[in-house]
Amino acid sequence: MTEATGYPDLDALRARLGQIAELDADGVERERVAVLGRKQGALTALFKTLPSLSPEERGPFGAALNRVKAEFEAALDARTAALAAGAAQAGERIDLTMPGRERWLGAEHPVTKVTREIVDIFRSLGFAVATGPEAETEWLNFFALNFPPNHPALDLHDTLYLDVGDRPAGDDDPEREHGRILLRTHTSPVQIRVMQAGPPPYRVVIPGMVYRADPFDPSHAPAFAQIEALAVDEGIGMVDLKATLTAFAHRFFSPTTPVRFRPSYFPFTEPSAELDVECQICHGSGCPACKQTGWMEILGCGMVHPKVLENAGVDSEKYSGWAFGMGPARVAMNRYQLPDIRLLYGGDMRLLSRLGGEAS
């Protein structure tokens with residue numbers, strides 16, 4: 001850059017010359033228009049003042065304007081050439097004979113899809129969504145749900161305890177409400193939390209992760225998703241349970257999918273049942289996935305035990321209710337005809353993308 005012109009406005013404009021070397025292609029073009037543009041360029045505006053000057057002032061100022069104009073044109077042209085050379089050099093480093101790299105496209109996990117669809121079905125039936133913490137007290141996870149103190153599920157080889165101290169022994173122990181801290185083995189503690197929060201009626205669906213000390217095999221995982229539902233009101237009976245769950249199965253699978261209820265046992269429901277649907281892999285003919293029975297169990301259910309209602313502060317003489325619990329991973333196995341639950345945990349993007357695409 002040459003020495004100052006002696007004109008303050010012109011010298012202020014020349015100060016911008018030092019920034020041109022840092023501009024990208026778009027910036028160079030913007031600077032060219034801002035300084036040399038015919039309509040609103042800063043230098044053009046100074047040229048337009050020449051007619052208003054006296055002859056003695058016009059000559060020196062015009063010469064200074066032309067020098068600055070030439071400096072800007074040279075700087076802008078040099079930067080444009082440098083950018084073009086850099087782009088050409090970068091292009092030489094690209095081997096256009098190599099195949100392009102495939103970009104990974106994400107897909108919603110099949111278990112997430114199934115969970116969302118189940119929740120949506122129950123929301124359409126008038127159920128709200130409830131959630132709770134994954135670290136729970138022994139009271140909420142077991143005892144409030146009518147588990148006896150000697151139930152096998154309380155053993156260390158079945159449940160993942162965060163606090164493995166001695167469990168308070170005796171129903172009258174003031175610490176019994178709390179007990180040890182554990183990773184919840186089912187989402188049922190949320191049922192107690194919902195009932196303790198206020199009076200009936202309740203109609204909630206409860207999705208969440210649960211944890212058990214299970215081996216990782218074709219049908220079990222130590223951490224898995226679960227969904228439960230709870231309905232409590234005056235006059236609710238087993239017919240409401242069967243009608244609701246049959247409607248759900250027909251919505252989720254198909255209106256013609258056969259379903260059946262089998263008697264079962266759970267500490268927190270009485271009577272209790274298992275809901276089976278026709279195996280979606282063999283369609284009832286029998287296969288290894290359904291153990292040759294033609295049926296797949298998808299959930300356990302039953303009428304909420306009166307003691308569970310009382311433990312949660314609900315009058316069991318006035319109110320009754322039903323509940324169910326299911327594992328969406330097993331439902332996903334049935335829908336997508338997967339023989340091994342571990343396929344859903346292996347991170348095989350080819351499988352997950354295909355299943356995610358099918359259900360989208």
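Rings of Phe, Tyr and Trp (its six-membered ring) form a pair if their centres lie within 6.5 Å; planes under 30 degrees apart count as stacked, over 60 as edge-to-face and the rest as tilted. With that in hand, here are the views.

**View 1. Aromatic pairs in a predicted model.** The structure holds 11 aromatic pairs. Residues are numbered from 1 along each chain as its sequence is written, and side-chain values use heavy atoms, leaving out hydrogens and water.

**View 2. F216 and Y345 join two loops.** This pair is also edge-to-face, at 5.4 Å centre to centre and 85 degrees between the planes. F216 sits in the loop between strand 4 and strand 5 and Y345 in the loop between helix 10 and helix 11, so the pair ties together parts 129 residues apart in sequence. (Helices, H or I of at least four residues, and strands, E of at least two, are DSSP runs numbered from the N terminus.)

**View 3. A ring cluster.** Ring pairs link F122, F127, F248, F252, F253, W322 and F324.

**View 4. Helix 10, mostly covered.** Seven of the nine residues in helix 10 (residues 328-336) are buried, including M333 and Y336. Next comes Q337, with a positive phi near 55 degrees.

How values were computed. This is a predicted model: local features need pLDDT of at least 70, side-chain atom pairs count only at pLDDT 80 or more; totals for chains, interfaces and linings use all residues. Buried means under 20% relative accessible area, exposed over 50%, partly exposed in between (1.4 Å probe, protein chains only).
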